[in-house]
Amino acid sequence: MLMKVTLRTDVLTNNNKAADYNRELFTTTKTLVINLMSSPGAGKTTLLEETVSVLSRKYRIAVIEGDLATEKDADRIRKAGAKAVQINTHGGCHLDARMIAAVLPEFDLEEVDVLFIENVGNLVCPSGYDLGQMHKVAVLSVPEGNDKIPKYPVMFMRTELVLLNKIDLLPYLDFNVEKAKRDLEGINLSSKLIPVSAKSKEGLLDWFNWIEEAYKTCQQ
Amino acid sequence: MHEMALMGEVIDIIKEDAASKRIIKIDMVELLVGEISNAMPDALKMAFEVYKEQNAYFFEKNARIFIQIEKALAECILCSKSYVPDNNRISFCPVCGLPSGKIISGESFQILSYEGSGDADESNVAHRCADQ
């Protein structure tokens, strides 16, 4: 006999349970956790290197690196001066909350003020997965062009800050910063946009101030 | 292409629920996929066929998947009118002309229901065989 079962269950329910578990840990240890997402090559790791080398004078920083393969990014972060754990997804296009939960025992979270999670480079898949982070930040880079915000609305709908990276290239490319701001406003009114260059260091102070504010809020 | 991973979640949830109800073979799965959930119905259907083949013991050969689409809808926080959001300008209320809209529908991704048969059927079959 056939039996019909009505579930109405969220498909990501198991991921969300793990995300809640992570969030509870982060809240208990008052660790500020930021999930950094972008397309491949937008400059997430370079931004993190700069962030680590400046802010580690003030905060105890740790990084979880997500990539399909290799330990390259974690090595770069370690050289910049922070503890880094690499997750290899072996073909998986995003990090999920269970992968994060599995590596958390490698950190003493009581001793970590700020934890960055660098997601797998991809503007689609990581947007749907809650990792238990306090903030979702997208990195968009000038060479990617103005069309990325309207083309990938779901990502920019769910992030609260866009770091517009590689602005040192603005004189050579047709990127329009004001248009990017308007496009972002059209998709997500509450999202901020901070123009930065990890290379020329322009704008990095604004990003560090943003982290500082987020850290203060997280300590309350 | 995270639809394989998403379909993996669907199969895990159904397996767990089915075990608790002593359902051993699945005949139908019904999903609700929002237009702005970032999951593609066609890719989900393809992933379903792959999992069905890999888990032949758990699925009827002709097991089907039905996908209901949840339309995207936004509501303006200023004038309270709801509107169909333009992909590029999701938060722009067409009445007020301001970025004052919030998404109220279209982000869902749910397993609505599934259909299967359980242990009891085997004993029925056995009875029928004995009767003949």
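**Chains A and B: interface and cores**

In this predicted model, 37 residues of chain B are in contact (heavy atoms within 4.5 Å) with 32 residues of chain A. A note on conventions: residues count from 1 along each chain as its sequence is written, and chains are lettered from A, ligands numbered from 1, in the order written. Local features need pLDDT of at least 70 and side-chain atom pairs pLDDT 80 or more, while totals for chains, interfaces and linings use all residues; side-chain values use heavy atoms, without hydrogens and water.

Back to the interface. The two chains, B and A, bury about 3000 Å², 58% of it on carbon and sulfur atoms; that is accessible area (1.4 Å probe) lost on being put together, summed over both. On the chain B side, B:Glu9, B:Ile13 and B:Asn38 lose the most area to chain A, together 18% of what that side buries.

There are two salt bridges between chain B and chain A, meaning a side-chain nitrogen of Lys or Arg within 4 Å of a carboxyl oxygen of Asp or Glu. A:Arg158 and B:Glu107 form a salt bridge through their side chains, at 3.2 Å, N to O.

Now the cores. The largest nonpolar core has 47 residues, and B:Met7 and B:Leu31 have the most contacts inside it. By nonpolar core I mean buried (under 20% relative accessible area, 1.4 Å probe, protein chains only) Ala, Val, Leu, Ile, Met, Phe, Trp, Tyr and Cys residues joined through side-chain atoms within 4.5 Å. Apart from that core lies another, of 32 residues, including A:Leu48 and A:Cys218. What does B:Met7 touch, leaving out residues up to four places away in sequence? Its partners are B:Leu31, B:Leu44, B:Ala47, B:Phe48, B:Tyr51 and B:Ile65.

Key
Buried means under 20% relative accessible area, exposed over 50%, partly exposed in between (1.4 Å probe, protein chains only).
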